[in-house]
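The following paragraphs lead through the model shown below, from its packing to its strands.

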Amino acid sequence: MSNQGMNMGGRYTNFLKPALDAFSEQMVKLRPELISDGALQTVKFGIADTIGVTLAGISEPCTQILYASVGLSGETGDSVIIGTGHKASALDATLINGTASHALDFDDFSDVFGGHQSVPIVPALLAIAQNEFLSGLEFVNAYVVGLEAEHRFAEALNPTHYDKGWHPTSTLGIFGTAAAAARALKLDQHQTATALAIASSLASGIKANFGTMTKPLHVGHSGRSGLLAAFLARNSFTSNHQALEHQQGFVNLFNGLGNFNIDVFFENRQSLAIDLPTLGIKQYPCCGSTHPAINAVTELKRAHEIDSANVEKITIYIHARRLQHTNNPRPKTTLEAKFSLQYVVVKALVADTIGLKDFQENAFLDPKLQELLGRVNALPFGAQGAPDGEPWDAEVVVVLKSGETVRGRVNNMVGRSGANAMSVLELKQKFDDCADGKITNSQRDHVFELLMNLEAVSDLTKLFKDLEGSFSFSAISHM
C-alpha cells in the first residue's frame, strides 16, 4: 500500500515512504557527539541518576518478586543486576534493572515526553555495554538517540496519548529503548526501522496501574521488549515499516483518528530533545506531578513559619492533567502514597521536605499526618473559585486556626531542571543516598566519578565491577 495520498485522520502529508523509514534515516545519521557541553552534562546526569535510583530500587518488593518469578539463579548471563552479586542475560537483566529503576518513582522525567525519559533507555544500554563492549562515548551517543526518539513520538501523540490514560514511559519509551539499542548495536537504517516497527507491537502500559507494583514493571517490560526488538532486527526478523500510519497501526489504535501529528517523523531538525530545559531530575521520591505542590507548600511554610498544629484547612490547586492520577486523599499503601498529592503536601508541611524514609514502613499512617489529611482539599485550576494555572504550576492555600490565610505559588516547575537544575554536589548526595547499603562508599565514589566523565572512558569494565553489590535475592528465590 503506497503512502501517497493517504489520509489517516491526523495531520499527514503525502509522503512517499513509511514514517519509520524516514525517521530511522534521521536516527542513523544523528551526530549526538556534537551536542553542547550543557547537553552533555544533562546526559551524564540522567545516566547517573538512573543508576542511583536503580540501586535504591533493587531491594524493593516488586523487584524481589519479579526476580523470584522469572526463576533466575546464580550467574545465568553476562549482565550485572546492579547492586547485587547476580548476573543474567541481557534481556532478563534489563527487565529486572528496569523495574528497579522505577520502583521508587525517584527517576527523572520530562514535560514533553509526559513520562520518565531515562529509565526506558539506561538499563538496556547497560546490558548492551557489557556484551558489546561499548565505550563511554558510544553509550552517550546511544542515550541521546533514544531520548530523541522518545520525544519525537511524544510530540506526535501527546497530550492526547497521555490524557487517554496511556503511560508514555512504557508505551512511548519502548521506542526510545529500541532506537538507543539500534544505535548501540550499530544497526543500519532498515534494521532500525524494523526494530521500531517490532516495538510498536510490543508497546503497553496503562495508568490504571499507577500506585501498584505494575507501574515499575511497565518500565522493565518495556525496556526488555525494546531491546528484544533491536536484537530481532539485527538478525533479519521482519516487520511492517508502515506500523505507525497503517489504518490499524500504532497511532490510530493508541490515539484514535485525528489525534496525532505524524509529520514530526519526517522533520530533519537541527536541535535535539537533549537540549530541552524541562528534562527534570527528581528531588523527591514520588510522582513528579506532585513536585510543584511540594515546593509551593515548602516555600510557604518557610516564608510564614507555619506550625502544622495551627493549620485549619489546606487547599491545593494544580492542573487537571496532574490531578487526575494524584488525587488520592487517603492512601492505603506506600505505593499509593507516592501518588497522593494530599499526603506529600501534608508531609512537606510537617517535615519541610520529602525523602525516601517517608515512603517506607507505612510512614503515611502517622496519626499526625492522618489527622491533617482530613483538612486537605485538592482542586484543578479553573474550577469554580480556583485560580488559573499552567500544566506545571501549583498553588497551596493554608487557612490557619487564627483565621489568617496564606498562599504559596510555584510556576512551571518540572523537577530540578533548566535554571533550577541540580548541581553536581546535589546529584552526588542523591546518588549516595540511593546507593547506601547496596555498594560500598568506595564503589559509589568510583562509579559517580566515572559517570561524570563518561564520554572520555574507553573501557567500561570498571563501572560494571563497581556496580556489583551486596544485596542478594537468594532469600526470596523460593517464591
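Which residues does F265 touch, not counting residues up to four places away in sequence? With contact meaning heavy atoms within 4.5 Å, F265 touches A19, A22, F23, Q26, R152, F153, A156 and L244. This is a predicted model, in which local features need pLDDT of at least 70 and side-chain atom pairs count only at pLDDT 80 or more, while totals for chains, interfaces and linings use all residues. Residues are numbered from 1 along each chain as its sequence is written, and side-chain values use heavy atoms, with hydrogens and water left out.

The pLDDT, the predictor's confidence in each residue from 0 to 100, averages 93 for the protein, and 95% of the residues score at least 70. Over residues 1-12 the pLDDT is below 50, and this stretch has 36 contacts in the model beyond near neighbours in sequence.

Of its 95 residues, I51, F265, I274 and L451 touch the most other members. Helix α6 (residues 136-157) supplies the largest share of this core, 12 residues. A second, separate core has 36 residues, among them A293, A348, F359 and L369.

Helices (H or I, at least four residues) and strands (E, at least two) are DSSP runs, numbered from the N terminus. Buried means under 20% relative accessible area with a 1.4 Å probe, protein chains only. Helix α1 (residues 19-29) is largely enclosed by the rest of the structure, because eight of its 11 residues are buried. The cover over the buried residues of α1 includes α6, α9 (173-184) and α10 (189-202). The axes of α1 and α6, lines fitted to C-alpha atoms over the stretch in contact with angles from 0 to 180 degrees between N-to-C directions, come within 11 Å and cross at roughly 150 degrees. Here L20, F23, Q26 and M27 in α1 meet V145, E148, A149, R152 and F153 in α6.

Why is strand β7 (residues 394-400) largely enclosed by the rest of the structure? Six of the seven residues of β7 are buried, so the strand is largely enclosed. Two strands pair if DSSP finds at least two bridges between them. Strand β5 (residues 311-318) runs antiparallel to β7 and is joined to β7 by seven bridges; strand β8 (residues 405-410) pairs with β7 in the antiparallel sense over six bridges. V397 in β7 is the bridge partner of T315, and R407 in β8 is the bridge partner of V397. Four residues lie between the strands in the hairpin of β7 and β8, where G403 takes a positive phi near 100 degrees.

Key:
Buried < 20%, exposed > 50% of the residue type's maximum accessible area, 1.4 Å probe, protein only. Core = buried A, V, L, I, M, F, W, Y, C linked by side-chain atoms within 4.5 Å.
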